[in-house]
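Subject: Handover of a structure and summary of findings

Dear colleague,

Please find below the structure that I am handing over to you.

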Amino acid sequence: MEKLISEIAERIIAGGSITEEEAIRLSDAQGSELFDLFRAATRVKEHFVGNEVHLCSIINAKSGRCAENCAFCAQSAHHTTDAPVYPLVQEDQMVECAKTAETNGSACFGIITSGTTVKGQELEQILAALRRIRKETSILPSCSLGIIDEETARKLKEAGMDTYHHNLETAESFFPNICTTHAYQEDVDTVRAVKKAGVKVCSGGIFGMGESAAQRVEMAFTLKELDVDSVPMNFLNPIEGTRLEGARNITAHECLKTIAIYRLIMPEKRITICGGREKNLRDLQSWIFFAGANGTMIGNYLTTAGRNVDTDLTMFSDLGLTTVMCAH
């Protein structure tokens with residue numbers, strides 16, 4: 001395994017790539033082999049994207065009552081949870097949250113809404129907020145508004161949106177186990193429509209929902225084929241009342257191993273660790289950067305609390321990492 005890992009890293013740095021079969025083989029790494037894998041991922045990361053860490057923050061701008069039946073989601077109308085339920089927040093609140101995120105050091109601020117899509121007056125309100133965020137801050141705004149078409153993506157871009165976030169959530173072969181209210185192809189089509197509109201795409205998924213290691217690799221190669229710009233990696237935090245409330249499917253080592261394999265598959269992309277890192281990685285959170293990540297979300301998530309921002313900032317300092325500053 002050590003020889004294979006070294007050969008793969010050298011090939012990638014020389015401009016080559018890893019095969020799907022090789023990536024699946026790396027999923028079997030155990031014990032000291034994990035350190036070989038992390039070292040290879042770090043070498044590849046530093047060669048292609050350097051040693052800076054990109055920080056992002058979000059606002060849960062519209063919560064609950066989602067018609068989709070995603071098995072992990074506390075906001076699905078198909079589940080009974082303690083997640084907050086409220087309509088789209090006011091424009092001023094979105095702008096103020098963006099300013100707070102900028103103060104905390106985030107380079108990107110995401111406006112996230114529950115539901116299949118956003119249109120009409122809600123879309124107009126988000127467009128107005130984007131214009132103000134661009135005018136009143138230096139932070140780069142992004143949106144995650146569900147399934148959209150190219151025309152909507154262009155409107156968002158014209159209002160100042162820098163990146164559109166739309167997760168595939170998991171591999172196509174596992175998706176029917178997670179969601180049956182829309183087709184996987186609709187998510188793929190959304191990514192393609194947004195890219196056609198000339199907007200950067202942030203797309204990844206959630207790990208630990210019962211998928212196999214091979215299916216984790218399958219999603220990575222789908223993201224690679226779609227040429228997304230950044231990959232958010234979430235690790236399942238089971239929420240009481242959802243279909244996955246009892247799931248305990250991933251270890252800290254598996255989280256780190258998956259990050260490293262994603263770095264080798266997509267060496268030039270931003271890989272950002274988001275939801276579930278506190279619960280799943282615990283004392284090993286700092287290891288995400290040794291495993292190949294070059295970004296993380298700070299502050300709170302959609303329906304769960306994140307780690308204290310100052311604690312994260314201290315971690316970056318202790319690791320000698322430079323954070324990417326806001327800039328239009």
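Ile 261 is buried, at 4% relative accessibility; buried means under 20% relative accessible area, exposed over 50%, and partly exposed in between (1.4 Å probe, protein chains only). This is a predicted model, in which local features need pLDDT of at least 70 and side-chain atom pairs count only at pLDDT 80 or more, while totals for chains, interfaces and linings use all residues. Residues are numbered from 1 along each chain as its sequence is written, and side-chain values use heavy atoms, with hydrogens and water left out.

Ile 261 belongs to helix H9 (residues 252–265); helices (H or I, at least four residues) and strands (E, at least two) are DSSP runs, numbered from the N terminus. Leaving aside neighbours within four places in sequence, Ile 261 is in contact (heavy atoms within 4.5 Å) with Ala 23, Leu 26, Ser 27, Leu 37 and Val 217.

Helix H9 itself has 14 residues and reaches 20 Å from its first C-alpha to its last, close to the 20 Å expected at 1.5 Å a residue; the expected span is 1.5 Å times one less than the number of residues. Because 12 of its 14 residues are buried, H9 is largely enclosed by the rest of the structure. Among the buried residues of H9 are Lys 257, Tyr 262 and Arg 263.

**The nonpolar core**

In soluble globular proteins, nonpolar side chains tend to be buried together. A nonpolar core is here a set of buried Ala, Val, Leu, Ile, Met, Phe, Trp, Tyr and Cys residues joined through side-chain atoms within 4.5 Å. The largest such core has 99 residues, of which Ile 111, Ile 126, Leu 156 and Tyr 262 touch the most other members. Its largest share, 9 residues, comes from H9. Not counting residues up to four places away in sequence, Ile 111 touches residues including Ile 59, Met 94, Ile 126, Leu 130 and Ser 142.

**Positions listed in UniProt**

The unreviewed UniProt entry lists Ser 142 and Cys 202 under "binding site". UniProt positions are given in the numbering used here, feature names are shortened, and annotations may be inferred rather than shown by experiment. Although spread over 61 residues of sequence, the two listed residues cluster in space, the largest C-alpha distance being 9.1 Å.

Ser 142 lies in strand E3 (residues 140–144) and is buried, with a relative accessible area of 6%. Cys 202 is placed in strand E5 (residues 200–202) and is also buried, at 16% relative accessibility. Beyond four places in sequence, the contacts of Ser 142 include Ile 111 and Thr 163, and those of Cys 202 include Thr 163, His 165 and Ser 230.

The unreviewed entry also lists residues 48–277 as "domain: Radical SAM core". The end C-alpha atoms of this span lie 24 Å apart, and the span is 37% helix and 18% strand.

**Aromatic pairs**

How many aromatic pairs does a search of the whole structure find? The search finds 8; rings of Phe, Tyr and Trp (its six-membered ring) pair if their centres lie within 6.5 Å, with planes under 30 degrees apart counted as stacked, over 60 as edge-to-face and the rest as tilted. Phe 35 and Phe 38 form an edge-to-face pair, 6.3 Å centre to centre with 75° between the planes. Both lie in helix H3 (residues 32–49), 3 residues apart, about one turn of the helix. Phe 207 and Phe 235 form a tilted pair, at 5.8 Å and 40°. Phe 207 is in strand E6 (residues 205–207) and Phe 235 in strand E7 (residues 230–235), so the pair ties together parts 28 residues apart in sequence. Ring pairs also link Phe 35, Phe 38, Trp 287 and Phe 290 into a cluster.

**Salt bridges**

The count comes to 18 salt bridges, each being a side-chain nitrogen of Lys or Arg within 4 Å of a carboxyl oxygen of Asp or Glu. One of them joins Arg 11 and Glu 22 (2.8 Å, N to O), linking helix H1 (residues 2–13) with helix H2 (residues 20–26). Arg 11 is partly exposed at 29%, whereas Glu 22 is buried at 14%. Another joins Arg 154 and Glu 150 (2.5 Å, N to O), which are 4 residues apart in helix H6 (residues 150–159), about one helical turn. A network of salt bridges links Glu 91, Asp 92, Glu 96, Lys 99, Arg 132 and Glu 136.
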